[in-house]
Each structure stands twice: as C-alpha cells, then as structure tokens.
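The following account is an explanation in running paragraphs for a reader who has the sequence and the coordinates at hand. It moves from salt bridges to the interface, then to helix packing and the backbone.

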Amino acid sequence: MATLFVMQGRDKGKRFDLRGEGITLGRDGSNRIQLNDSEISRRHAEVRRTSEGIVLADLASSNGTFVNLEKIGERLLKNGDRVQIGRTLLLFTDADDRSSVNLAHDVDIVGLGSASLAGGESGNVEGSRILKSVSHESGSQLFAPPDPAESPWLARARSNLQVMYRTALAVSHTLDIDQLLTRILDLIFEWVETDRGCIMLVDSETEELAPAASRNRKGARVDGKMSISRTILDYVMQHKEGVLTSDARDDERWNPEGSIVKLGVREAICVPMQGRYGIVGVIYIDTYTPPGQVIQQRAANKFSEEHLKLMVAIGHQAALAVEDTSYYSAMVQAERLAAMGQTIATLSHHIKNILQGIRGGSYLIEEGLKEEDNDVVRRGWRIVDKNQERISNLVMDMLTFSKDREPELAEADLNQTLADVVELMQARAGEAEVQLALARRDDLPQFRFDADLLHKAVLNVVTNAIDACEKRAGGRVEVSVEYQPGEQFVHIVVSDNGEGIAAEDLQRIFSVFESKKGSRGTGLGLPVSQKIMREHGGDIRVESTPGAGSRFYLELPTNVSSGGAPVNQTE
Amino acid sequence: MSQPPSVLIVEPSADEREVLRTVLARRGLQIWEAAEVEQGLALAREHHPDVIVLDAEAQRADEVEARYGAASAGQRSSLIVLGRVGRDCAIAASQTIAKPYHFAPLVHKIEQLAAKAA
C-alpha cells in the first residue's frame, strides 16, 4: 500500500493512504490530503496513478513541489522519496514495490544435503573451492593499530577507516536522539584532540540552528558558556562545506575584526551534517591553546586538514543517523497517537452506549412518574441500575488493565469467592434465561489469592458465558473447581453450552478491545481476567467447540509467594 | 376501523428497544422490533411499517436504507437513523439523530412521522 507519511511540519506523524483516484494535497478542506501549512497552496499538488506507478504532479502552486530537494512539475515517485511542499516534509513509501516479486524465481540454493559451507574435508562447494575464510573477529583486525613499518599514508588511511567503522557502529540502532548525539560527541573526543564540542540541529519549525548536545574535555580550560561564531555557522550552512580555522588572523576568509578573533578561538572545525536530502545540523569543535603554551611547546596546530576531512565524513554519517532516528521517532509517535486515538474512540463508544441506556431508563422513570404508572417507573429504574453497573464495571476493568500491580495475597476461601460471583450473576442469568450453577468442592484447603481480583477475573468469564448462552434453549453455565492435593495449580472451570468460539477467534479473545458481543461487549473483560490470573502467577486458557460451548480454565497457583510467582513446593 | 400507525425498531440494544416499545405502545402505535438487520428487513417486508427507527451502527446505514426502500416498494416508510452517519454515506433518511440522544425529541419525531402517514 502506498502512503505519504508526514515527517516534518504541523501534521507530523500523520499517514495518508494513497489508495483511490484524484488525491490532491493542499491547504483547503476539499483536498483528500489536507495539510496545515500556510506556505502550501489551496490545491498544491496531485497524486496520480499511472501504468508506471504513482506520479506526483505540482498544480501550479505558489511555492512549488520538491522531490528529494529537486523542484518538479511531474515526477514518478519511488519508495523512500521525500516530498517537500511548503514547510511540510513527507516520506513516500510503497510496500508493494518489491513485495509482489517472488524472489524464489531469481535465487536458487543448489546442492544436496545440509547447508555446510565448508563443503566437507575437500572444501568443495558445488564446483567451487573455498580459498580463504575469515571470521568476524579476524575481520575486525582490518582496523588493528598500524604496523610501524607501514607507510604513513596507509597508517592514516587505516586509522581513519577505523574511525568511520566505529562511528557507523556507534550510531546504528539508536532511537533516542539525545543518546545518539552524545555518542557522536564521545567518539569525536576520542579521536580528535579537542577541548569543546557542540552539535547543533536545524529546528524543523524555525529552520534555525539550535544547540542539541555539547561536551567539554575533562580538565580543559573552559570559559563558562560556549560561544560559537555565527560567521562560521553561516558559512558552513550556506556553502555546505566544512571549515577549519587554525589561526583566525591568517585565514583570509575571516575578517580580523570578526567574531572568531574576538572570541579568541585559535582552532576550530565546523562541519555540516549533510543528510540524504539536506543539512540537518552542524558539528562544531574547537580547542584553545594559550599563547604561552604555544611558545613553550612550539606546538603545531592541533587540527589538520586530515581532521577536517574526517570530521566531514563523521558529520555525514551522523546526519544519516539523525535522519533515521527522527524518522523512527516520528513513526513511533504516530503509532502511539494512533493507538491512543483508537483506545479513546473505543472507550467513547462504550460510554456513549451506556449513557444512552441511562438516558432511556431515566426517560421511562419520568414518563412513569408523570402518568403515575409504577410499572413503567420500575422498568426505567431497572435499565438505569443495569447501566450504572455497566459503567462501574467498565471503569474497574480500565483501572485493572491499565495498572501493573501486585495482588494482595491472603489466605482465602475459594468456594466463598465463587459463590459470591454466582450469587451476584443470578439476576443476569435469569434475565438471559440461563441456568447458572456452582459445583462446590467442600474438600478445598485455603489458598492464597487476592479475593477481590479473583472475584473480578471469574466474574468477567461468567458474564461472557451467560452472554454466550443467552436465549438458547437449555442454556447452562456451571462454575466448578478441579483440584488434587499436591498439585501445583487449582483450576476454576467455567463451562457453558453456548454458541462456542471459532478456532480462528480463540487467540484473539484475549486481545484488548476484541469483542464478539457487539455493543454489549467492551473487549476488556477477558484481557483483564487474563492479567489478573497472570499477576497471580497463573493463567487462563480456553477449550471451545463452535455450536456446543466453551470451557474456560482459570489456573491459580496453589502456593504463591508475595510476588505472585509460584513457590516450588519441594523446597 | 383503520389500523394504528406502525413503527419498526431495529436496534441491537435491548434497553433502547424496551424504552421505545414501552413509550410508543402507550401512545397507541403498533410496534415491531428487531435486534439485528436481517430480522428487521423481514419484518419491514411483511408489515410495511410507517416509520422505521434504525441504529446506524448495526450495519452500513445506506445499504440498509436502500434495502428497506426496496422491501417496502410503493409504500415507502419514513426512516429515522440513530447514530453517526459517515460523510460518504448516501443516506436518504427522513431524520438522522446523533448518539447519545434524548428520548423525548426522538419519540416526538416518531409520533410526527407516524401521524403524517396515518
């Protein structure tokens, strides 16, 4: 499925599905993709489906449409293309790009037997012979310290390659941008003799550079707040070049009266963080050697052109990582928002239905009172009462589901807890014309469990069982206990002869907000029961035959520690 | 003696059906009720009610509306849809009432449409 995902701009995190025809992008509400961006025209661009693929066309917009920084009239979009309109940056993805190609047609694994690449003693691999093999550890020796006999050029190249290799490793798999920037600075400090370093990123809203991370060398003389020359920053951003200034007065590009001189920076390197499609920021490092020390040490400049080249390479690598991290963060945020939106929508739906019931019941009471008809008042009251119970259950389920908590374990009578549930549910069972029974076990010892939580867990399962049998001829729900002394678990069994659950739904029933009961179900009941049983160190499982009924087993450890985990009885 | 005006209620919630049934029956209307669409459709075909009250969340309301229209051919029922109807839904209901709604105005509307048909 082709989509446009907003990576930057006020709609950041939104994903637009590109199915169908006539998809326009613009500021106006008449566009399928409406973007909140004042720099976008009312009807800015259009997505068209052609035989070759998906084409983006500019609709004579005021500020133009850009794909990968290039202004376009019309452009066939490729997976990963970045579309910039106004201040909004969108990422084009098309999952069908390659997925439809069956790679089995292109690739064959030939030969017999196991896939041993050594190919036996002879080293033969299907007609080829292995000449040399290198382990992962040996591969890393490519970056071993240079041999003193090696040429200086080769030694430097090898050292630089090592720096880049380690940079690539260090910046991969980081989803936290602050952590990423700190790692980059740490690596720079490891390889370049610098006193101070700072990474500035371009703010997506203001497009201004803003400090994102900084570091000082331990023991370096640092004069309080780090001041960075705007002259350098502007030059780097405008020319997209890294600059090295080892002595401001010798460098023709800098006016002796300029900020570098005033700030007293003797040596500085500032490089752009050039990403795939633009500059995402700059890395700035500098070092200060007091005049006395220069004379004393006869020191050459600490920063060389070699350092500058290396920093430019690091800047590029860092920029790619920053882009990836920003993209993943936006994706995660979008997923989170979508999940939150889904949760709110589902809960609102349930609450709305309950509210509707309360309004209905209240209306009946009002009508009954008006006409002094007690029967109507009673009917109304029953509906109100039922719905206030529903909202109470919903809130309690929401609380139980949202909180991780340890059950308050205490010695308790399982028969009593189950009897309470059955008694509470008798009215509902009667209404549904279902026979509800408890098969008491008088030989049960006391178990340790949180009676309130277990009551809730069993109640939810019994409620479902009654609903599954509702209005079925001979509908029956039985609550029983399976236990043998010495066993690790006691099983509370809730069985019904209701409609049963299809095999493909058996796993889904424990997923939150999955309900097969239509407007009656919240999709929280079974997930809550499962959570409670797991918090006790047990679990819940189900056996079901569609058309014949279901059996739910709530497993409760017979001997649990205070943390809810079963205790090994042999110890 | 002429038949009283009739109302078909297609609503999955038993509570809401009970409220409408109780109140409308006391106002002398003939009531049919269904918890789901197929059952409601069968009742519509059989009885050609004057007013149909349909919960929009039961199924896509436009499909249902078209099917009820066909079912009561020549004797088109007034349709009241309860709940939110999507903007792409080409529904031709006499009235759409968003949820959660108040019952008094709904009952009043049903009475009005039933009286018009009578």
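**Salt bridges, interface and helix packing**

Over all chains, a search of the whole structure finds 39 salt bridges. The model under discussion is a predicted one. One of the salt bridges joins A:D375 to A:R379, with 3.5 Å between the closest N and O atoms. Both A:D375 and A:R379 belong to helix α9 of chain A, where they are four residues apart, or about one turn of the helix.

Salt bridges are also found between the chains: the rule finds five across the interface of chain A and chain B. In a salt bridge between A:E371 and B:R26, the closest N and O atoms are 2.3 Å apart. Eleven residue pairs, with both residues at pLDDT 80 or more, are in polar contact across the interface of chain A and chain B. Two elements of chain A, α8 (305-370) and α9 (374-402), each give two or more residues to the side that touches chain B. Of these, α8(A) supplies the largest share, with twelve residues. Sorted by class, the side of chain A that touches chain B has eight charged, eight polar and five nonpolar residues.

In terms of contacts, 21 residues of chain A meet 17 residues of chain B.

Attention now turns to helix packing within chain A. Two packed helices are described by the angle between their axes and the distance between the axes. Helix α10 (residues 414-431) of chain A and helix α11 (residues 451-469) of chain A have axes that come within 9 Å and cross at roughly 35 degrees. This crossing of α10(A) and α11(A) is right-handed. Residues of α10(A) that make the contact include A:L414, A:L418, A:V421 and A:L424, while those of α11(A) include A:L454, A:V458, A:V462 and A:I466. By class, the residues in the contact of α10(A) with α11(A) are twelve nonpolar, three polar and three charged.

Helix α11(A) also packs with helix α12 (residues 525-535) of chain A, at an angle of about 145 degrees and with the axes 9 Å apart. The crossing of α11(A) and α12(A) is left-handed. Among the residues that meet here are A:L453, A:L454, A:A457 and A:V461 in α11(A), and A:L526, A:V528, A:I532 and A:M533 in α12(A). The residues of the contact of α11(A) with α12(A) comprise eight nonpolar, four polar and two charged. A:L454 of α11(A) takes part in the contact with α10(A) and also in the contact with α12(A).

Two points of backbone geometry remain. In chain B, the peptide bond that leads from B:K99 to B:P100 is cis, with omega near -5 degrees. B:P100 lies in the loop between β5 (95-97) and α4 (103-117) of chain B. In chain A, A:L69 has a positive phi of about 70 degrees although it is not a glycine. The loop that holds A:L69 runs between β7 (65-67) and β8 (70-72) of chain A.

Methods. Residues are numbered from 1 along each chain as its sequence is written. Chains are lettered from A and ligands numbered from 1 in the order in which they are written. This is a predicted model: local features need pLDDT of at least 70, side-chain atom pairs count only at pLDDT 80 or more; totals for chains, interfaces and linings use all residues. Side-chain values use heavy atoms; hydrogens and water are left out. Axes are lines fitted to C-alpha atoms, for helices over the stretch in contact, and angles run from 0 to 180 degrees between N-to-C directions. A crossing is left-handed if the near helix is turned anticlockwise from the far one by less than a right angle, and right-handed if clockwise. Contact means heavy atoms within 4.5 Å. Ala, Val, Leu, Ile, Met, Phe, Trp, Tyr, Cys and Pro count as nonpolar, Asp, Glu, Lys and Arg as charged, and the others, Gly among them, as polar. A salt bridge is a side-chain nitrogen of Lys or Arg within 4 Å of a carboxyl oxygen of Asp or Glu. A polar contact is a pair of N or O atoms within 3.5 Å; within protein, one must be able to donate a hydrogen and the other to accept it, and residues adjacent in sequence count only if both atoms are side-chain atoms.
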